[in-house]
Amino acid sequence: MEQGIGITQQLSGISRAGQSSSARRQANKENYVSYAENITPIKSRNARNRVDKNAPPVQMNLDDSQTPKNITSSKTTPNKSRNGQVDSIQSYSTAKEQQDIEKLSYAKFVLDTCSHRNVDEVLAIVKPIADSASAAVAKESIETIASAMEQLLAGKLSDVDSVLPLDDLQQHIPGIAEWTNVGLEMKSKRPLYGYFSDFAIFVAHCLSTSIAEGDLARLVLPASIQHLKSNESNDRRRVNMALTTHIADTAVESCHSQIYADILCNVEAKWKHDMDDDALKQVLVYSAGIYAQQPNRRFLWGLAICTTSVYACVMLNDGVLVSSAMDIATAAGRRMLITLLVHWSLCLESQLGYDPTMRRLSDDDSSFCTNNDDFLLGGDGKCDRIRYEVDCYDDMNQETHTYITLRTIMSASSLLGRHTRCFVARLKYADSADTNVVVIKDAWPPIESEIHNEIELLRQIRNQFEINPPVHLYPRLEVGGHVQLDIDGHSAIDTTDAIFDLMGTIRREPPMDGTKGTWQQQVLRAHRRIVMSPVGRGLKSVNNEEELIIVLAEAMRCHNSILKDCGVLHRDISTNNILVVREDHSSLPRGLLIDLDFAVPVDREKRTAQPAQSGTLPYMSIANLENINIERTALDDWESLFYVICWLATFGISSSDRNANPRCHYFSIYEWLTSNKKTIADRKRSYMDTKIIFRSLIVSKFQSKYKLLRRLAINLHKALFAHVNCKGALNPKDLRSASDLSDLEESDHSSELAIDPLVARNDYVGDILLNLQDAMDKSEKQARARLAE
């Protein structure tokens with residue numbers, strides 16, 4: 001195809017002089033499609049679908065990238081784009097090799113924009129509390145171990161403390177000695193893992209024999225199998241080496257753990273001295289998988305090795321802090337690494353990044369698992385192999401309730417962000433295993449005013465619906481509050497500040513302009529835990545399009561009720577936030593709207609001078625994407641639902657019903673996933689402007705079997721974008737740029753040329769909502785009738 005030719009010329013090739021006025025109107029709009037494509041004429045399908053080079057890389061997300069367990073590895077469900085954070089999404093049907101490239105690109109992006117070097121304060125996180133017994137033991141142990149290592153490296157065996165196991169220590173000295181002398185002649189990174197293993201086991205031997213068992217909190221040992229891979233992780237990448245923790249009386253040797261759930265710290269080595277960035281990028285890539293398999297981690301540790309240089313890094317919710325190099329070629333550098341290993345062995349669990357309010361049960365503990373599917377109807381009914389005992393504190397009643405997790409339904413597979421996790425669970429002290437199950441949501445949202453607190457909004461909804469029970473399902477709050485940590489004998493809320501206190505520094509607010517700032521400038525987040533009912537499964541657990549429509553219809557009835565009766569606007573309709581609830585196998589599914597992370601009281605939204613952008617990127621409304629300075633209304637959420645329907649109708653409504661077209665990632669709709677906000681908004685404006693363009697570029701790609709979804713999408717499009725007083729989706733100001741004014745005199749926009757139809761739409765919210773609800777009700781009625789046949 002010749003470059004520079006727009007849609008109008010491609011379709012017709014008719015001269016403007018011979019066109020009728022109606023044809024010219026349509027031509028003007030279709031010509032704008034060409035203008036909206038990167039504000040240049042369409043060149044080719046490949047060029048049109050190319051990812052914006054100025055946008056951050058995709059796949060491993062800067063902010064909350066959650067992976068529901070009932071979504072296949074194709075990852076058709078994109079992730080959330082948080083206000084103030086970089087747009088981030090998961091790829092759809094991407095080759096494994098491409099995923100690896102994207103992960104490394106993302107890691108580089110994080111390293112460049114969110115990491116801070118030479119932050120030696122990170123080593124203080126695990127320093128035992130001053131004047132404590134552990135502090136005295138640590139100080140003495142560090143002196144003893146450092147002295148022994150230096151004496152043995154110098155060949156002075158007689159000067160080593162007689163308490164230490166000389167024979168055990170000597171077998172590791174050759175490896176440590178070689179490590180101290182490696183230079184530019186190294187050709188492989190493999191020996192470095194052996195050297196580091198010798199170093200770590202040397203320290204563990206010293207601690208095991210010189211410290212009383214009651215004073216030694218744990219042993220930190222290397223994994224014996226390089227290229228460790230988790231059986232539970234979908235990530236095919238393998239951690240080259242990891243450190244794991246064991247009880248104090250464990251035999252001192254390389255352990256045989258092979259799962260991410262056991263990793264304290266992953267270790268990545270490179271054989272050139274200038275490859276520290278490459279080593280750190282690998283650490284970041286693997287750490288996302290560790291977060292996914294360790295729901296009780298508040299933050300993560302990592303070690304990057306470049307020949308003799310060792311860097312310790314801590315991954316927080318909004319940044320990566322990297323220490324100065326610990327140079328193993330010097331006595332001072334060896335002492336620093338010894339200090340870190342000793343402190344890891346003596347400090348509190350919370351200093352390692354673990355959550356003391358979420359305790360891992362023994363792998364053979366099957367309490368409360370009945371091995372039926374009463375808690376996840378439609379699933380296999382099996383509990384997770386690794387489960388947890390979770391303390392949930394209720395801020396209002398000031399009571400702690402303890403639950404046992406049964407199954408993980410959402411893991412925090414992101415490196416940074418909220419780290420939202422969700423579990424199906426039961427009360428630990430319930431009278432029987434038949435007690436109703438609940439969902440526990442664990443997350444680190446930014447601290448905002450209490451009026452925007454999800455827990456408070458859920459209480460508001462519960463209080464209203466307890467008085468006037470609705471016929472639809474709604475997310476009922478059972479317990480909600482902040483996670484309470486026992487810090488130095490006092491109870492305190494778990495926040496970002498609690499981590500900074502360990503470093504002996506004060507956290508400061510990040511720059512308002514979004515620039516990087518100093519390492520102390522981090523977002524203040526609070527660790528919150530919410531217990532809710534009922535329990536549902538992911539949207540992709542529906543069996544057919546009829547069930548999907550029934551579920552979506554009830555979810556939107558809930559949306560309408562919490563807006564009308566509770567004054568709460570949801571603002572994040574997506575495939576992740578609508579669940580399927582079944583009373584039994586034979587009953588029709590019901591829809592449950594969840595996740596009020598972005599919800600706000602309506603009166604607050606009206607007072608907002610500039611509404612915040614919120615939602616899940618491919619499903620965000622155009623006004624939301626462009627951050628138009630107008631009030632956000634229920635129409636924005638209905639528009640998001642409309643995009644959800646278009647997405648599922650194109651790529652498949654379930655994991656077993658995916659689009660088989662090998663080129664589906666070239667479809668126009670796929671750009672909603674791979675582009676930045678501005679580009680997605682431009683695409684949506686052009687694709688939604690008329691029914692002809694919408695049907696041609698979007699509906700035509702729906703799977704042919706989805707007859708009801710096709711009809712529903714067309715009717716919702718008509719209600720949203722074809723209202724008699726605000727037709728179309730194109731901004732007339734941009735339309736002027738695409739064509740000269742004389743061509744626009746007879747266009748659909750000519751009567752109100754200066755008014756954006758999406759702005760004008762807010763004057764007709766009530767009327768449009770009635771049309772949307774009518775379209776949904778008719779579609780639901782048809783779906784129920786089909787299933788009843």
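Below are my entries, grouped by topic.

**Ground rules.** I'm working with a predicted model, so I noted that local features need pLDDT of at least 70, side-chain atom pairs count only at pLDDT 80 or more, and totals for chains, interfaces and linings use all residues. Residues are numbered from 1 along each chain as its sequence is written, and side-chain values use heavy atoms, with hydrogens and water left out.

**Salt bridges.** I counted a side-chain nitrogen of Lys or Arg within 4 Å of a carboxyl oxygen of Asp or Glu as a salt bridge. That rule gives 40 of them.

I looked at R117 and D276 and found their closest N and O atoms 3.5 Å apart, a salt bridge. This pair spans 159 residues, from the loop between β2 (115–116) and α5 (133–153) to helix α9 (residues 276–293). Helices (H or I, at least four residues) and strands (E, at least two) are DSSP runs, numbered from the N terminus. D276 counts as buried because its relative accessibility is 17%, and R117 is partly exposed at 34%. My cut-offs were under 20% relative accessible area for buried, over 50% for exposed, and partly exposed in between (1.4 Å probe, protein chains only).

Then I turned to R359. It has a salt bridge to E389 at 2.8 Å between the closest N and O atoms. E389 sits in strand β11 (residues 388–394) and R359 in strand β10 (residues 358–360), 30 residues apart. E389 is buried at 14%, while R359 is partly exposed at 29%. R359 also meets D391 in a salt bridge, 2.9 Å from N to O. D391 lies in β11 too, 32 residues from R359.

**Strand β15.** I checked residues 476–482 and found 5 of the 7 buried. β15 runs antiparallel to β18 (residues 528–533), with 6 bridges joining them; two strands pair if DSSP finds at least two bridges between them. G480 has I530 of β18 as its bridge partner.

**Positive patch.** K691, R695, K707, R710 and K718 form a positive surface patch. Patch members have over 30% relative accessible area and no salt bridge, with like charges joined within 9 Å, and nonpolar side chains (Val, Leu, Ile, Met, Phe, Trp, Tyr) within 5 Å. Helices α19 (691–697) and α20 (707–721) each supply at least two residues, and α20 gives the most, with 3. I checked K707, which is found in α20, and its 47% relative accessibility makes it partly exposed.

How values were computed:
Areas by Shrake-Rupley, 256 points an atom, 1.4 Å probe, with all protein chains shown as cover. Lys, Arg positive; Asp, Glu negative; His and termini not counted. Charge placed at Lys NZ, Arg CZ, Asp CG, Glu CD.
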